[in-house]
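Subject: Structure handover

Hello,

Here is the structure for you to take over.

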Amino acid sequence: MIICDNFNVVVKELPVGVLKNYTIDNTVEYIIEIKNLSQNIDKVPPRIFLKCNECNGENPLLVVVMQNKGVLSWELPVIIESKEHYSIYKETERTLCPYNIINSSLLNFDYSENNNSVIPIAPVKLTLSTFSLKKLQVELIVNLQYDFLIDLNESKTVNVTPSTPYFYLYEFQSEEVNSILLHVTSDDDTCMIVSIQNVSCPIFDLEENVQYRGHFQTITRQGGLTLTRDAFPNGFYIVLIVTGEDNYCFSKFLGNEYDRTKSVTVQLSKSISSSDYKIAVLLTLLVLSLFCTLMFTVFYYNYNKEKNFIPDDCFIESENEVSASVSNAVLPALSPSSPGPFIVGTDTLSIKTDSSLDETDYDNVSDVEFDKDIFRLKGYMYLCDLARKNQSVLKKKSEMYLWNLLTVAIFYFLPVLQLVITNQYQVNETGEEDLCYYNFLCAHPFLFFSDFNHVFSNIGYLLFGSLFIFITAMKERLYKIKIFSNKKLYRFYGIPQHFGLFYAMGAALIIEGILSACYHICPNHYNFQFDSSFMYVISTLCMIKIYQTRHPDINATAYSTFFSLAGVIFIGMCGVFNNTPTFWILFTILHLSICAYISLQIYYMGRWKLGNISFCQFFKELRLCFYCHWGYFKPLFPSRCLLLIVANGCNWGLAIGRFFYKIENFSSYLLSIFMVNLMLYTLFYIIMKFICKERLLPQSIFYILVSVLGWTFALYFFFSKTTSWRLTPAESRLYNQPCQLLNFYDNHDIWHFISAASMFFSFMVLLTLDDDITYADRSKILVF
């Protein structure tokens, strides 16, 4: 004992495993030397327990642990502040870093397994002091943590609080094990942090300093990480810390801020080896390559079969006879008494059969508009009525879709790549695993990537997109061979073939795969649109292609299409960052208004203009319909009317269903609008083919069946979520699932593969859907 001016310094010894009580105030300081530490200190470190019921935050108990190579200090009580209140813990437990206790005087000590010598231990001294005038009763015990070392396939459970962090040590033993999967589970929602740190001192095991070393993530009931020998050659510490509040893990306050004792189970299992990586990657490439080869072989067989085939009864009519048939098709034009608001004259026009419409043949612009009204507003319209423009001009306009798509994709892709690479570097440098929403139970690191399998599984989009472009090129070559043998096929027979949109669809599928791969480098709510933006593009291109098939003269331009898609993506962004009831109401009004406007444009073949009649005149004519003749309400174009009623009904159903089921995921809802309308339009087109006594070739039927089957399975895996960027990182980990295929791919990877194949088959449906009318006279092909 040392006495100095009413201040006493008391030196004590404390054996391991013995509970001691100390009385302390501002006149006494204890220096306690811990005895009987384990000779295997690197495997069984000491754990200090302290309790002081009389301590308070104004004059706390100051604890300082002096080790051979470091100093550890803290206060008692432990005060943890939160947004609503602060929590006080009057007992604490801390495990000392074992390598700070080993005597550093023997620098050349052999730590290998073959050396059976005792590791030299330096003394550990603990100092207790306070500025409190009131005497404090302190309980102190030092125990050895015998469960400090955790082995492979071993499960350990421990109770953790904000004042009692806990950590384990894992060392790579076998040379065959190079990758470990850490799985942490719990039965309650209390928020905690799991940190993985290199085997070195100090160990950061407090909430305020855990982010300064290693990798860490927030967890409620489940979490995981894949850890490699390359990243942690000497092993790693698994540090468990319960946070003072739950705002780290939940977007909403739960109120459970008092009882924060959390039972945590830690389990380590062997992850896949490098040979497993190679098998999974090579087998994937082999299966996809064989599949693409098979599809190409089937198409090439049909290509050779069709190359020199022309029906015997085709092209019997002469060009003059074709002109006559076209003229006859125009005769039932609308008259002034017809129920259409756009016919303004009674003159009869002699229509030329030339494929171009030259405005210099008319006296004024109104004659041109009148001619368009005659052709587009007939009760029965044939393809020849909407295939009058110069086909070479339309071909060039169709090709503009591809060039516009590539231009947009390049400018879109470069900043995307820069952002996700920056995010990946940030994860690698800071160790903050909450930055990216991985499926941590099936995220296999490789080279630069933390989640290589989700990046690589997008290879299907690239391969199937490239295959479709190649098949489209062969289809175009086949068409050129046929029109070279007979020029009338190009002008008077079959669907006018413009392949620019097909090339754009294939390129969009490739770009979707590239952007999806970029998104999965570091998926989060800041870059979610990288994964979905070109899905909007693909669905839009498909709908435009279906419409272009029977309306080649009045199809949308590439410029207006991509400008509209830019607006869609902007709305999608606003819906994520401003997901309020007001926004949903405004979007629903906009959605249904656009549906109504497009319906009018489709119904009147692009001839409806808001400026043609005023609203007063519209209501005046509507009133006359009630008083004069109910026949005005009979649709002029029944098939188109049916389509638009069904389509608008489904869109109204989507809008009502969203409010009824309170759907909050705006991005998925917006994509569902596009996909549902595409599905309805495709189904309508197929049904109308049968109504018009057309047929489907076996090849088209096969593609339809396979695509429907593929989408059924794909949607099953899509809705089996493994992450959710709409939630917090800790909440997203509740969806994490183990790998399902080859111990390498999870449900979302399988979605990538199946959806890529399903998109390819859906494209093939559109490419071959009208092969049955290749040699049909355009004056006999109905427009619907």
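Predicted model: local features only at pLDDT ≥ 70, side-chain atom pairs only at ≥ 80, totals over all residues.

**Overall**

The protein chain has 784 residues, and 52% of them count as buried. Its secondary structure comes to 17 helices and 20 strands. Take the contacts between residues at least 6 apart in sequence: 78% of them join residues at least 24 apart. The chain exposes about 37,800 Å². Carbon and sulfur atoms supply 61% of that area.

**The second largest pocket**

This pocket holds about 1,400 Å³ of space. It is lined by 38 residues. Closest to its centre are Thr540, Met543, Ile594, Ile598 and Ile602.

Which helices each supply at least two residues of the lining? They are helix 9 (529-550), helix 10 (558-577), helix 11 (581-603), helix 13 (638-661) and helix 14 (666-691). Helix 11 gives the most, with 10 residues.

By class, the lining has 24 nonpolar and 14 polar residues.

**Disulfides**

The structure holds 5 disulfides. Counting bonded cysteines along the chain, the pattern is 1-2, 3-5, 4-6, 7-9, 8-10.

The link is left-handed, at -75° about the S-S bond. Cys97 has 6% relative accessibility; the cut-off for buried is under 20%, so Cys97 counts as buried.

*Cys191 and Cys249.* The sulfur atoms of this disulfide are 1.9 Å apart. The link of Cys191 and Cys249 is right-handed, with 65° about the S-S bond. Cys191 lies in the loop between strand 15 (179-186) and strand 16, while Cys249 lies in the loop between strand 19 (236-242) and strand 20 (262-270). The pair therefore ties together parts that are 58 residues apart in sequence. Is each cysteine buried or exposed? Cys191 is buried, and so is Cys249.

*Cys442 and Cys739.* Here the sulfur atoms are 2.0 Å apart. The torsion about the S-S bond is about 110°, so this disulfide is right-handed. Cys442 lies in the loop between helix 4 (391-430) and helix 5 (452-456). Cys739 lies in the loop between helix 16 (729-732) and helix 17 (747-768). The pair therefore ties together parts that are 297 residues apart in sequence. Cys442 is buried, with a relative accessible area of 0%. Cys739 is at 16%, and it is buried because the cut-off is under 20%.

Cys542 has a relative accessible area of 4% and is buried. Cys595 counts as buried at 14% relative accessibility.

Best wishes

Note on methods. Residues numbered from 1 in each chain as written. Heavy atoms only, no water. Helix = DSSP H or I, 4+ residues; strand = E, 2+ residues; numbered from the N terminus. Buried < 20%, exposed > 50% of the residue type's maximum accessible area, 1.4 Å probe, protein only. Contact = heavy atoms within 4.5 Å. Areas by Shrake-Rupley, 256 points an atom, 1.4 Å probe, with all protein chains shown as cover. 1 Å grid on protein atoms, 1.4 Å probe; cavity = no way out; pocket = protein on both sides within 12 Å on 5 of 7 lines; lining within 4 Å. Points joined across faces, edges and corners; volume = space filled by probe spheres on them. Nonpolar A, V, L, I, M, F, W, Y, C, P; charged D, E, K, R; others polar. Disulfide = S-S within 2.5 Å.
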